[in-house]
Amino acid sequence: MGLTLDVGHMLMAGENPGQSISMVSDKILGIQLNDGYTRLAAENGMMFGSVHPSLALEEMYQLRQINFRGHFYFDTFPQRTDPVREVEYNIRRVKEFWRAVEKMDGREIGRVAREHDALGALELVNEALRQ
């Protein structure tokens, strides 16, 4: 028995998806990746990382931390886009975020977390997303 997390539902519920991932790490079998605005009861089903790139980066970071080997699903609604291009975009974005996390300095992340260094955290995220 395990869980499939849905990023869009976590956003609608006002959760931090990265934190939710870390809280149930040993039970995750799959994750539905999407994005959207955080209005209650309004799942937008937008492309992964399109609205909240820093949260998408944190989601990939937490999944790498738990050595995630489950399934990625894309729960997006391609109403105004070519669905094949949208899926290709989602796949490309997941790979980009995954590689960005791979290049991040774990010691610096630890220091920033221990010191509650908000500016340091923003600088880490900005640097990772620039690469």
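**Group meeting: core, helix packing and aromatic pairs**

The largest nonpolar core has 24 residues, and those with the most contacts inside it are Ile31, Leu33, Phe48, Leu57, Met60 and Met104. By nonpolar core I mean a set of buried Ala, Val, Leu, Ile, Met, Phe, Trp, Tyr and Cys residues joined through side-chain atoms within 4.5 Å. Buried means under 20% relative accessible area, exposed means over 50%, and partly exposed is in between, with a 1.4 Å probe and protein chains only.

Before going on, the source. This is a predicted model, in which local features need pLDDT of at least 70 and side-chain atom pairs count only at pLDDT 80 or more, while totals for chains, interfaces and linings use all residues. Residues are numbered from 1 along each chain as its sequence is written, and side-chain values use heavy atoms, with hydrogens and water left out.

Helix H1 (7-12), S2, H3, H4, helix H5 (106-115) and H6 each supply at least two of its residues. Helices (H or I, at least four residues) and strands (E, at least two) are DSSP runs, numbered from the N terminus. Which element gives the most to this core? H3 does, with five residues. As background, nonpolar side chains in soluble globular proteins tend to be buried together.

Take Met60, one of the residues with the most contacts inside the core. Leaving aside neighbours within four places in sequence, Met60 is in contact with Leu33, Phe48, Phe72, Val94, Phe97, Trp98 and Val101. Contact here means heavy atoms within 4.5 Å.

Next, helix packing. Helix H3, residues 53-65, packs against helix H6, residues 118-130, at an angle of about 90 degrees, and their axes are 10 Å apart. H3 and H6 are therefore roughly perpendicular to each other. On the terms: axes are lines fitted to C-alpha atoms, for helices over the stretch in contact, and angles run from 0 to 180 degrees between N-to-C directions. Angles under 35 degrees count as roughly parallel, over 145 as roughly antiparallel, 65 to 115 as roughly perpendicular, and the rest as oblique.

From H3, the contact with H6 uses Pro53, Ser54 and Leu57; from H6, it uses Val125, Ala128 and Leu129. Five of these residues are nonpolar, one is polar and none is charged. For that count, Ala, Val, Leu, Ile, Met, Phe, Trp, Tyr, Cys and Pro are nonpolar, Asp, Glu, Lys and Arg are charged, and the others, Gly among them, are polar.

Ala100 belongs with this part of the picture. Ala100 is in helix H4 and is buried, at 7% relative accessible area. Apart from neighbours within four places in sequence, Ala100 is in contact with Leu57 and Ala128. Ala100 and Ala128 are 28 residues apart in sequence, but C-alpha to C-alpha they are 5.4 Å apart in space.

Now the aromatics. How many aromatic pairs does the structure hold? Three. Rings of Phe, Tyr and Trp (its six-membered ring) pair if their centres lie within 6.5 Å; planes under 30 degrees apart count as stacked, over 60 as edge-to-face, and the rest as tilted.

Phe48 and Phe97 form an edge-to-face pair, 5.5 Å centre to centre with 80 degrees between the planes. Phe48 lies in the loop between S2 and H3 and Phe97 in helix H4 (residues 83-103), so the pair ties together parts that are 49 residues apart in sequence. Phe48 is buried at 0% relative accessibility, and Phe97 is buried at 2%.

Phe68 and Phe72 form a tilted pair, with 5.4 Å between centres and 55 degrees between planes. Phe68 is buried at 6%, whereas Phe72 is partly exposed at 32%. Ring pairs link Phe68, Phe72 and Trp98 into a cluster.

Gln32 is partly exposed, with a relative accessible area of 22%.

Last, two backbone points. Asn67 has a positive phi of about 55 degrees although it is not a glycine. Asn67 sits in the loop between H3 and strand S3 (71-74) and is partly exposed at 48%. His116, also not a glycine, has a positive phi near 50 degrees. His116 is in the loop between H5 and H6. Is His116 buried or exposed? Exposed, at 71% relative accessibility.
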